[in-house]
Amino acid sequence: MNDESNSNTIRVLQYIQENPGCHLRKIKRELDMSMGTIQYHLILLEKQGKVSSERQNLHKYYFPIGLFEQNEKDILKILNQETAREILLVILEQKPTQTDIANIIKISGASVNWHIKRLVDLGLILEQKDGKFKRYTLGIDSKHIVSLMKNYHPNIWNRWSNRLAEMFLSLSKEEKEQ
Amino acid sequence: MILSKLFLETEPSGIETGIELGIVAFALVLFALSITAYRNTRIKKILFAAAAFALFAIQLFIDSIEDYLGFLDEEITGIILKLVTFAILVLFFVAIVKKK
């Protein structure tokens, strides 16, 4: 591999590291390279185990290896859900309790509890004890979360299916905030 | 005027078939939405709702083909359709009361 090709591979890798969850067309647009060149470097980076990809609908999304460990697919599923995105945004701005989140987003306590548990399990958020309450903070760099949310949007189908799921979650018995 | 004339000139059975097809299509869309919701969340109670939407589409399908083909006894068809309606309601009830 010559120096120019090597430096392009590094540029693509750096772009993905700074913009986890970006897709092919965006990388092409931002780095101003031809589609074929980008594809070549992406295949190379995937073979080298430096990036991983996940296809969702029409786009293939790229992630730097190591940032989310093996959770990329689950994180994409989370980002497909409006409510989880809203919860992440609230946590980004403050250190809320579950009650705070329920009041701000205006969803049931059961729903908040269910989403929080998933986000904690995936390591996207952290739980901190504050007296008898639990407060939540981001588990990964806020820059990465913002980048992921900017790059990755749920489509209309996923928004509707999310609302259907929310409807069933709100029918669940409210769980006491820990 | 033209529209209302067209509407009046259309065969009533044609309109009915169109509405029935619309209902079946809508039930299938709701079924597919429920499956997507389940795949994204893994909340089992959504599967009960998905089954209810699927049964609803099947019920309308049986009702429609029975009208055209008449392969079953009217009384038997009536009993089957009522049982399916009951099953749909039971599935929605389970979806509501079931724990996550």
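Me: How many helices and strands does chain A have?
Reply: This is a predicted model, in which local features need pLDDT of at least 70, side-chain atom pairs count only at pLDDT 80 or more, and totals for chains, interfaces and linings use all residues. Residues are numbered from 1 along each chain as its sequence is written, while chains are lettered from A and ligands numbered from 1 in the order in which they are written. Helices (H or I, at least four residues) and strands (E, at least two) are DSSP runs, numbered from the N terminus. On that basis, chain A has 9 helices and 5 strands.

Me: What percentage of the residues in chain A is buried?
Reply: A residue is buried if 20 or more other C-beta atoms, placed from the backbone, lie within 10 Å of its own. Of the 178 residues in chain A, the buried share is 33%.

Me: Which helix of chain A gives the most to the side that touches chain B?
Reply: Residues are in contact if their C-beta atoms, placed from the backbone, lie within 7 Å. By this criterion, 15 residues of chain A are in contact with 13 residues of chain B. With 9 residues, the most on the side of chain A that touches chain B comes from helix α9 (residues 156-170).

Me: Are α3(B) and α4(B) roughly parallel or roughly antiparallel to each other?
Reply: The axes, lines fitted to C-alpha atoms over the stretch in contact, are compared by N-to-C direction on a scale from 0 to 180 degrees. Those of helix α3 (residues 45-69) and helix α4 (residues 74-97) of chain B come within 8 Å and cross at roughly 165°. Angles under 35 degrees count as roughly parallel and those over 145 as roughly antiparallel. Therefore α3(B) and α4(B) are roughly antiparallel.

Conventions:
Two residues are in contact if their C-beta atoms, placed from the backbone, lie within 7 Å. A residue is buried if 20 or more other C-beta atoms lie within 10 Å of its own, exposed if 12 or fewer, and partly exposed in between; C-beta atoms are placed from the backbone. Angles under 35 degrees count as roughly parallel, over 145 as roughly antiparallel, 65 to 115 as roughly perpendicular and the rest as oblique.
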